[in-house]
Amino acid sequence: MYLATIFKVCKMLYQLFWFLATCCTFVVNTLWLCCNFASVGIPWLMLLLFLVCIGSKFVKLNSPADDVVLSMLSKSEKGKEASEALYWPVVHRGGAFDAPENSLAAINQCLAQRCQKILLDLSITSDGKPIILHKSTLEKANVTEPIHKLPFSFFESFNITEHHPLGQLFQKEKVLTFERLLKLLESSEVTVLLRASQTNSALLEIVRETAAKCPIFTKRIIFCCASPTAIYQLRQQCPDLVCGLWMEKSCFTILPRYLNTSTILLSIVGAIYRNIIAPVIGVSLVFIHKDEFNAQISTLWKNVGVRPIVYTINSPNEKRYFQQVTKTLYLTDSLRSEPQLIFKSKRK
């Protein structure tokens with residue numbers, strides 16, 4: 001009886017040993033196969049990247065002069081040094097927390113506080129009319145239809161202040177049109193970063209025609225979008241147009257942390273954008289989410305001649321960090337939390 005039990009235990013240990021040996025053999029063979037594929041694929045991949053880098057030299061668009069970009073970013077803050085003005089905020093939609101977003105009231109509030117770098121949203125209606133509006137404004141009014149499916153007649157009677165939390169403090173206001181914005185730029189020193197959420201052919205054609213006919217466009221407006229192709233198409237015909245590339249927050253961060261792939265993928269994608277895409281399309285600015293930004297990323301972008309802007313920064317302590325430590329422009333929804341308004345500077 002004892003011998004039979006010992007025999008069964010030995011048999012089980014023998015089977016377990018061979019099972020583990022089989023698993024180890026499978027893992028070793030898999031790694032060996034991957035190494036073989038890598039040894040064959042990496043040289044071809046390096047050759048492909050080398051050819052892409054050479055080819056990009058022939059299609060590369062020269063970015064606008066750095067002096068032009070600096071003048072658009074720092075000329076507005078009178079009484080401040082230009083170096084200090086560069087780190088003042090870009091007000092998102094005119095300050096969506098302080099006033100109805102993308103409205104004249106919001107723009108006037110920014111001008112009253114001598115902050116004249118404003119990001120506004122450019123959209124197009126179903127009948128081809130460009131307007132300054134974001135879909136979030138419609139969502140507050142329980143309008144589910146996207147802007148590009150609604151006619152301009154719908155927006156003629158739409159009150160953008162009605163559904164804002166502070167709407168009762170402002171007068172009724174219609175949606176700001178693109179033509180009215182251009183007239184506003186003629187009589188003010190504001191620099192508008194115009195972000196296109198959707199870059200269809202009709203919208204790009206309007207921007208292209210306006211940039212060609214209206215001299216104020218290239219002097220006061222920085223066109224921004226998330227499509228490198230759209231920026232490249234615009235700058236081919238309008239080489240003086242200053243453009244910014246909007247980098248959406250990466251979807252790789254949703255992967256499980258134990259896979260340890262998000263950092264690798266982000267690094268690869270970031271390197272492609274910095275060293276290939278950005279130099280080819282000639283962008284001057286890049287918008288980076290605060291969760292994917294650090295001092296090293298800032299240095300890498302500046303080394304290729306692109307100035308980073310971090311979004312969206314609303315905490316006073318975060319703003320002080322980007323102003324004083326990293327010396328980086330940032331996008332904010334409110335001017336009420338600006339450090340220079342809350343914390344009094346020490347007298348020297």
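This is a predicted model: local features need pLDDT of at least 70, side-chain atom pairs count only at pLDDT 80 or more; totals for chains, interfaces and linings use all residues.

## A nonpolar surface patch

Phenylalanine 19 belongs to helix 1, which covers residues 2-59, and this residue counts as exposed because its relative accessibility is 52%, where the cut-off for that class is over 50%. Together with Val9, Leu13, Leu16 and Leu20, Phe19 forms a nonpolar patch on the surface, and the accessible area of these residues together is about 490 Å².

## Strands 6 and 7

Strand 6 (residues 221-225) and strand 7 run parallel and are joined by three bridges; phenylalanine 223 has cysteine 243, in strand 7, as its bridge partner.

In a regular strand, side chains alternate between the two faces of the sheet. Within strand 7 (residues 243-246), Cys243 and Leu245 point one way while Gly244 and Trp246 point the other way, and all of them are buried.

## Glutamine 323 in helix 13

Glutamine 323 is located in helix 13, which spans residues 316-324. Glutamine 323 counts as buried because its relative accessibility is 12%, whereas the limit for that class is under 20%. The side chain of glutamine 323 is joined to that of glutamate 338 by a polar contact of 3.4 Å.

Notes. Residues are numbered from 1 along each chain as its sequence is written. Side-chain values use heavy atoms; hydrogens and water are left out. Helices (H or I, at least four residues) and strands (E, at least two) are DSSP runs, numbered from the N terminus. Buried means under 20% relative accessible area, exposed over 50%, partly exposed in between (1.4 Å probe, protein chains only). A polar contact is a pair of N or O atoms within 3.5 Å; within protein, one must be able to donate a hydrogen and the other to accept it, and residues adjacent in sequence count only if both atoms are side-chain atoms. Patches are made of residues with over 30% relative accessible area and no salt bridge: like charges are joined within 9 Å, nonpolar side chains (Val, Leu, Ile, Met, Phe, Trp, Tyr) within 5 Å. Accessible areas come from the Shrake-Rupley method with a 1.4 Å probe; for residues, only the protein chains shown count as cover. A salt bridge is a side-chain nitrogen of Lys or Arg within 4 Å of a carboxyl oxygen of Asp or Glu. Two strands pair if DSSP finds at least two bridges between them.
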